Amino acid sequence: MRKISLTIALLFVALPSLAKDFGPDLGAFYKTCPGCEAIDYAGYKDWVMQIGGALAPNVGPIASYGSNGYELSIITGLSEVSKKMDYWVPDDFGRPGIGKAPGNLFVTNQIRLRKGLPHGFRIGGSATPLYNSSLWGLSLEVSWAFINGYKHIPDMGFVVAVGTVLGESDLMMIQVHPSFVVSKRFSIAGLFQLTPYFAYNFVFIRAGTHAHPVYRGATSSVEFAFDPINVFRHRLVFGLDATASFVVLGFELGLDVQNTRLNYGLKLGFLF
């Protein structure tokens with residue numbers, strides 16, 4: 001079991017090499033081409049939505065670990081990148097792309113710790129670096145399984161995660177992720193347990209910037225800023241955890257119902 005866990009852990013560490021350079025250079029949202037609107041509000045909102053989705057915390061099953069239980073996990077996230085808008089590439093008038101060589105997938109490795117509490121409650125926190133980027137996501141969460149541990153009834157409850165994004169000094173972003181989760185644990189031949197789960201995840205992101213300087217060949221810089229904007233998304237989440245002894249392997253699929261964009265999560269966890 002330990003050799004299998006080590007092999008999977010090495011795979012999780014190697015996956016980030018799939019990514020390239022995602023920056024970010026916020027100057028990509030300031031245009032100087034003739035006839036263009038200087039500030040790219042639509043592009044900024046699209047980028048905020050994609051970054052927020054890539055750095056969102058994993059949901060997982062709702063069942064509590066009991067008052068003395070912990071789970072420590074590493075979750076590799078893969079999120080589709082949509083490059084339909086032109087801020088991804090430089091233009092002919094000096095505007096850079098958001099990254100030097102953006103790939104087709106956002107790749108993250110989320111480190112998460114959860115602690116069980118009495119009466120179905122649970123608290124936790126996570127740190128999520130976006131590879132080949134300066135950005136990090138940090139979040140805290142609390143959950144309550146109001147139906148927990150019944151033999152013939154699935155576990156049900158709520159998870160609320162609140163987080164922010166670090167790594168770009170001019171970016172200010174707050175994320176709130178309330179989710180309703182249904183999960184059920186099944187024992188397979190007394191050898192291991194499977195826990196399928198389903199969740200509805202509502203996403204709220206509020207993001208703005210400080211005054212950001214840009215240079216277009218002039219001796220002095222031009223500064224621009226985005227007032228805080230609100231982004232609302234609706235996601236459906238499907239997942240499966242497999243537990244053998246103290247080791248947990250998991251897979252999670254998230255679907256943004258408004259644009260059919262997919263997020264994937266691969267988890268290696270340890271129970272204490």
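**Close-up views of the predicted model**

There is one disulfide in this structure (a pair of cysteine sulfur atoms within 2.5 Å). The model is predicted, with local features needing pLDDT of at least 70 and side-chain atom pairs counting only at pLDDT 80 or more, while totals for chains, interfaces and linings use all residues. Residues are numbered from 1 along each chain as its sequence is written, and side-chain values use heavy atoms, leaving out hydrogens and water.

**View A. The disulfide of Cys-33 and Cys-36.** The sulfur atoms of Cys-33 and Cys-36 sit 1.7 Å apart. This link is left-handed, with -105° about the S-S bond. Cys-33 counts as buried because its relative accessibility is 15%, whereas Cys-36, at 34%, counts as partly exposed. (Buried means under 20% relative accessible area, exposed over 50%, and partly exposed in between, using a 1.4 Å probe and protein chains only.)

View B. Look for Glu-141 in strand 4 (residues 136-147); strands are DSSP runs of E with at least two residues, helices are runs of H or I with at least four, and both are numbered from the N terminus. Glu-141 has 9% relative accessibility, so it counts as buried. Its side chain makes a polar contact of 2.6 Å with that of Arg-114. (A polar contact is a pair of N or O atoms within 3.5 Å; within protein, one must be able to donate a hydrogen and the other to accept it, and residues adjacent in sequence count only if both atoms are side-chain atoms.) Leaving aside residues up to four places away in sequence, Glu-141 also touches others, including Arg-112, Arg-122 and Val-160, where contact means heavy atoms within 4.5 Å.

**View C. The largest cavity.** This cavity holds about 210 Å³ of space. On a 1 Å grid over the protein atoms alone, a cavity is a set of points where a 1.4 Å probe fits but cannot get out, and lining residues have an atom within 4 Å of a point. The volume is the space filled by probe spheres set on the points, which are joined across faces, edges and corners. Of the 21 lining residues, Ala-56, Asn-58, Gly-77, Asn-263 and Tyr-264 lie nearest the centre.

Key: On a 1 Å grid over the protein atoms alone, a cavity is a set of points where a 1.4 Å probe fits but cannot get out, and a pocket is an open set with protein on both sides within 12 Å along at least five of seven lines; lining residues have an atom within 4 Å of a point.
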